[in-house]
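Thanks for making the time this morning. I would like to walk through a few local features of one model, and I will take them one after another while you follow along on the screen.

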Amino acid sequence: MEEAETAIMEWPDLLEREQPKPDATIRYGDDPLQLVDVWKPAGNGTHPAVIMIHGGCWQTDIAERDIMNWIADDLRAHGVGVWNIEYRGVDRDGGGYPGTFEDVGLAADMFVAQAETYDFRTDKIIGIGHSAGGHLALWLANRPAMPAGPLRGDTPVELDLAISQGGLPDLREGMKREGHPCGTEAPAKMSAGEFALTSPPEMVQSGVRQVLFHNTLDKIAPPGFARRYIGLLGSASPELIETAREGHVELVAPDSESWGRQRELILKEYGLK
């Protein structure tokens, strides 16, 4: 039976709220977009932390890392640090393939190198990304299994869990989605035809656990996108968690049911619940 249409959040419902701020912003390169926001929980001792990647159709003009500030602040309040990555989108010089991937890889690897500075633990590392950032979180999970080369790097960060929030993991399929809000040009620029290096369903799988959160009223990344991705992976099937009556924005809204389920998973993984 088709689900009844209900009111869902639009971006102004989130973005017009008072915006929380990170504890520090650091650089991992010379480009103005090669930045990481650091969110550090209060209190002494070390803290677990997530590597976070924003979405926006892989386009800087659509979104930057601050759309994740509300859930980053929520995790900080619950004792989890956040390493919120900025990167060059396909609409910026050097973005797309390979630059966007190089940015995400460099920034994520720096998390391990700088963790002690911010009292972050590295015994278990979760990567989490929204929409196009979900694609990049799943890419990051498989990166250690890539062949040697610049995208893999010498010591790629090894995730223990990758969380995709309404992700768009299949670049080849994305190039065919005429009429999709992200268009077909952005996934084409991200893949550059190198699907085995860029598109998670065609990459060598690293075996990292993957959990896909999708909302049933999401018009950008409906659950069917996740089910198709799971079907392509076969035996290495990720877990799909669906939340009814919510859309794309709710996935990164701190007071939504879908974010509450994500937070619960993260806290359980880190032994905080």
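**A helix pair, a disulfide and a histidine**

Helix H2, residues 69-77, packs with helix H9, residues 257-269, at an angle of about 40°, and the axes of the two helices lie 11 Å apart. Please keep in mind throughout that this is a predicted model. I give those two values together because two packed helices are described by the angle between their axes and the distance between the axes. The crossing of H2 and H9 is right-handed, and the contact is made by Ile71, Asp74 and Leu75 on the H2 side, with Trp259, Arg263 and Ile266 on the H9 side. Sorted by class, the residues in the contact of H2 with H9 are four nonpolar and two charged, with no polar ones.

Is arginine 263 buried or exposed? Its relative accessibility is 17%, and because the limit for buried is under 20%, arginine 263 counts as buried. Leaving aside residues up to four places away in sequence, arginine 263 touches Asp74, Leu75, His78 and Pro254.

Next, the cysteines. How many disulfides does a search of the whole structure find? The search finds one, and that disulfide is formed by cysteine 57 and cysteine 182, whose sulfur atoms are 2.0 Å apart. The link of cysteine 57 and cysteine 182 has -70° about the S-S bond and is left-handed. This pair links distant parts of the chain, 125 residues apart, with cysteine 57 in the loop between E3 and H2, and cysteine 182 in the loop between helix H5 (171-174) and helix H6 (185-191). Cysteine 57 counts as buried at 9% relative accessibility, and cysteine 182, with a relative accessible area of 6%, is buried as well.

Finally, I turn to histidine 47, which is placed in the loop between strand E2 (35-39) and strand E3 (49-53). Although histidine 47 is in a loop, this residue is buried, with a relative accessible area of 9%. Which residues does histidine 47 touch, not counting those up to four places away in sequence? They are Pro41, Ala42, Gly79, Asp119, Phe120 and Arg121.

Technical notes: Residues are numbered from 1 along each chain as its sequence is written. This is a predicted model: local features need pLDDT of at least 70, side-chain atom pairs count only at pLDDT 80 or more; totals for chains, interfaces and linings use all residues. Side-chain values use heavy atoms; hydrogens and water are left out. Helices (H or I, at least four residues) and strands (E, at least two) are DSSP runs, numbered from the N terminus. Buried means under 20% relative accessible area, exposed over 50%, partly exposed in between (1.4 Å probe, protein chains only). Contact means heavy atoms within 4.5 Å. Axes are lines fitted to C-alpha atoms, for helices over the stretch in contact, and angles run from 0 to 180 degrees between N-to-C directions. A crossing is left-handed if the near helix is turned anticlockwise from the far one by less than a right angle, and right-handed if clockwise. Ala, Val, Leu, Ile, Met, Phe, Trp, Tyr, Cys and Pro count as nonpolar, Asp, Glu, Lys and Arg as charged, and the others, Gly among them, as polar. A disulfide is a pair of cysteine sulfur atoms within 2.5 Å.
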